[in-house]
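Have the viewer open while you read.

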Amino acid sequence: MSKGLPKRLPLAGVNNVILIASGKGGVGKSTVAVNLSIALSKRMSVGLLDADVFGPSLPLMMNLSAIPEINHQNLTLPPINYNVKCMSMGLLVDKESPVVWRGLMVMQGIRKLLRGVRWGPLDTLVVDMPPGTGDTQLSITEEIPITGAVLVTTPNGLLWLIVLKEPRCLPRWQFQFLV
């Protein structure tokens, strides 16, 4: 039995996964993720996952408020707006209540957002990552195959230094940074 990272298993019916990431918050990751998703949806089937369990912004940015339905297979059916399938912890918890979780709970929540949602069929799933390189990033990149990632920053010297650490922090990610 070989040791190391768990085998990455693809999401059912999802052909490509693109991460929108940054080492720092407030740089526009969610804006880039939403705009990219809507633009791609003009030519292909697209889903958008808000992976920031502590500060979800997708419900507001995609004008979503309904609680997602569950199908007979116990999978969450992601609501669709602007021709994009969407899922966010912000659709599952009271918008006034904070999510206060530790590592294992974060990993289980991310797994539920990835595997407990009927994403497919999709050409591309865009994942709006939270800032940093913590449990959420590790959980996603170790759980599923990633096609590529877009790193978002602003033209600020300090922010450039922080965002450039992200690909060096996790060399085992094994995918291409697209920009």
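Helices (H or I, at least four residues) and strands (E, at least two) here are DSSP runs, numbered from the N terminus. This is a predicted model, so local features need pLDDT of at least 70 and side-chain atom pairs count only at pLDDT 80 or more, while totals for chains, interfaces and linings use all residues. Residues are numbered from 1 along each chain as its sequence is written, and side-chain values use heavy atoms, with hydrogens and water left out.

- As background, most residues other than glycine have a negative phi, and most peptide bonds are trans.
- Tyr82 isn't a glycine, yet its phi is positive, at about 55 degrees; look for Tyr82 in the loop between strand 5 (80-81) and strand 6 (84-88).
- Tyr82 is partly exposed, with a relative accessible area of 42% (buried is under 20%, exposed over 50%, partly exposed in between, using a 1.4 Å probe and protein chains only).
- Asn74 also has a positive phi, near 65 degrees, and sits in the loop between strand 3 (69-70) and strand 4 (76-77).
- Asn74 is exposed, at 53% relative accessible area.
- The peptide bond from Gly120 to Pro121 is cis, with omega near -5 degrees, and Pro121 belongs to the loop between helix 3 (103-115) and strand 7 (122-128).

- Helix 4 (residues 135-143) is mostly covered, with seven of its nine residues buried; Ile140 is one of them.
- Beyond its neighbours within four places in sequence, Ile140 is in contact (heavy atoms within 4.5 Å) with Leu19, Ala51, Ile110, Leu114, Val127, Met129 and Ile146.

**Largest pocket**

- A pocket is an open set of points on a 1 Å grid over the protein atoms alone, where a 1.4 Å probe fits, with protein on both sides within 12 Å along at least five of seven lines; lining residues have an atom within 4 Å of a point.
- The largest pocket holds about 420 Å³ of space, a volume being the space filled by probe spheres set on the points, with grid points joined across faces, edges and corners.
- Of its 19 lining residues, Pro59, Gly90, Leu91, Val93 and Lys95 are the closest to its centre.
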